[in-house]
Amino acid sequence: MKLFFTPGACSLAPHIVLRELDLPFVLEHVDLKTKKTSSGADFFSINPKGYVPALQLDDGEILTEGPSITQFLADKYAPGKLAAASGSVERARLNAHLTFIGTELHKGFSPLFNPSITAEARATVTANQIRKFALIDQVLAKSGAYLTGQNFTIADAYFFVVQSWAPMLGVDITSMSHIMAFAIKVATRPTVLAALEAEKAKFE
């Protein structure tokens with residue numbers, strides 16, 4: 001398998017999942033400005049949407065969208081390890097987390113990446129993001145470890161990446177102690193350390 005990634009992007013989530021499942025794969029860096037990969041390929045020919053992640057399977061099939069990729073990997077290669085069984089209430093709760101992270105937190109950051117955003121708009125977006133992060137902090141306060149309980153899941157991989165954007169974009173969540181503890185816990189997982197190091201090496 002080949003994972004098309006950009007350092008710091010949400011492609012880090014499937015990268016972490018690939019390592020959690022101990023699967024063989026290679027990395028290919030994508031320049032999101034030029035839409036070229038490190039091998040010189042036109043990334044639009046791989047993913048017409050033009051953004052990472054994209055996962056090329058061994059048969060050449062291309063999968064896109066992080067939550068879809070991570071669910072595929074979890075279900076195919078280690079059912080029940082990183083995602084509860086499909087059709088279970090636990091899976092529905094996991095999907096609720098994935099949806100909230102993707103549609104509310106991930107996309108909620110989008111306006112802050114725009115350099116021309118007004119101060120007023122930035123303040124509004126920032127306040128909304130803080131409110132949404134507070135909801136996750138409450139979830140972690142009850143779970144005591146990860147989003148769905150004591151076991152690390154694909155939702156945790158995704159949330160770890162998205163929460164890491166907060167300081168860069170001026171969203172102060174440092175008072176949310178449960179998120180801070182979560183971030184430290186996930187950042188020290190061997191798979192996460194390995195993923196971060198590999199992406200840095202490939203990028204350089």
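Visitor: What classes of residue make up the lining of the largest pocket?

Guide: By class, that lining has 17 nonpolar, 9 polar and 2 charged residues. Ala, Val, Leu, Ile, Met, Phe, Trp, Tyr, Cys and Pro count as nonpolar, Asp, Glu, Lys and Arg as charged, and the others, including Gly, as polar.

Visitor: Before I go on, where do these values come from?

Guide: This is a predicted model, in which local features need pLDDT of at least 70 and side-chain atom pairs count only at pLDDT 80 or more, while totals for chains, interfaces and linings use all residues. Residues are numbered from 1 along each chain as its sequence is written, and side-chain values use heavy atoms, with hydrogens and water left out.

Visitor: OK. What volume does the largest pocket have?

Guide: About 690 Å³. It is lined by 28 residues, and Ala9, Cys10, Val52, His106 and Trp165 are the closest to its centre. A pocket here is an open set of points on a 1 Å grid over the protein atoms alone, where a 1.4 Å probe fits and protein lies on both sides within 12 Å along at least five of seven lines; a lining residue has an atom within 4 Å of a point. Points are joined across faces, edges and corners, and the volume is the space filled by probe spheres set on them.

Visitor: Which helix gives the largest share of that lining?

Guide: α4, with 5 residues. At least two lining residues come from each of α1 (12–20), α3 (66–77), α4 (89–106) and α6 (154–163). Helices (H or I, at least four residues) and strands (E, at least two) are DSSP runs, numbered from the N terminus.

Visitor: And the second largest pocket, what is its volume?

Guide: About 250 Å³. Of its 16 lining residues, Ala84, Glu90, Thr148, Gly149 and Thr153 are the closest to the centre. The lining has 6 nonpolar, 7 polar and 3 charged residues.

Visitor: New topic. How many salt bridges are there?

Guide: The structure holds 5. To count, a side-chain nitrogen of Lys or Arg must be within 4 Å of a carboxyl oxygen of Asp or Glu.

Visitor: What does Asp75 pair with in a salt bridge?

Guide: Arg91, with the closest N and O atoms 2.8 Å apart. Asp75 is in helix α3 and Arg91 in helix α4, so the pair ties together parts that are 16 residues apart in sequence.

Visitor: Is Arg91 buried or exposed?

Guide: Arg91 counts as buried, at 5% relative accessibility, whereas Asp75 is partly exposed at 34%. Buried means under 20% relative accessible area, exposed over 50%, and partly exposed in between (1.4 Å probe, protein chains only).

Visitor: Which residue does Lys49 form a salt bridge with?

Guide: Glu65, with 2.9 Å between the closest N and O atoms. This pair links distant parts of the chain, 16 residues apart: Lys49 is in the loop between α2 (43–46) and β4 (54–56), and Glu65 in the loop between β5 (62–64) and α3. Lys49 is partly exposed at 42%, and Glu65 is partly exposed at 28%.

Visitor: What about Lys132, which side chain does it meet?

Guide: Lys132 meets Glu104 in a salt bridge, 3.2 Å from N to O. Lys132 is in helix α5 (residues 119–143) and Glu104 in helix α4, 28 residues apart. Lys132 is buried at 11%, while Glu104 is partly exposed at 30%.

Visitor: Last one. Where is Asn95?

Guide: Asn95 is in helix α4. Asn95 is partly exposed, with a relative accessible area of 26%.
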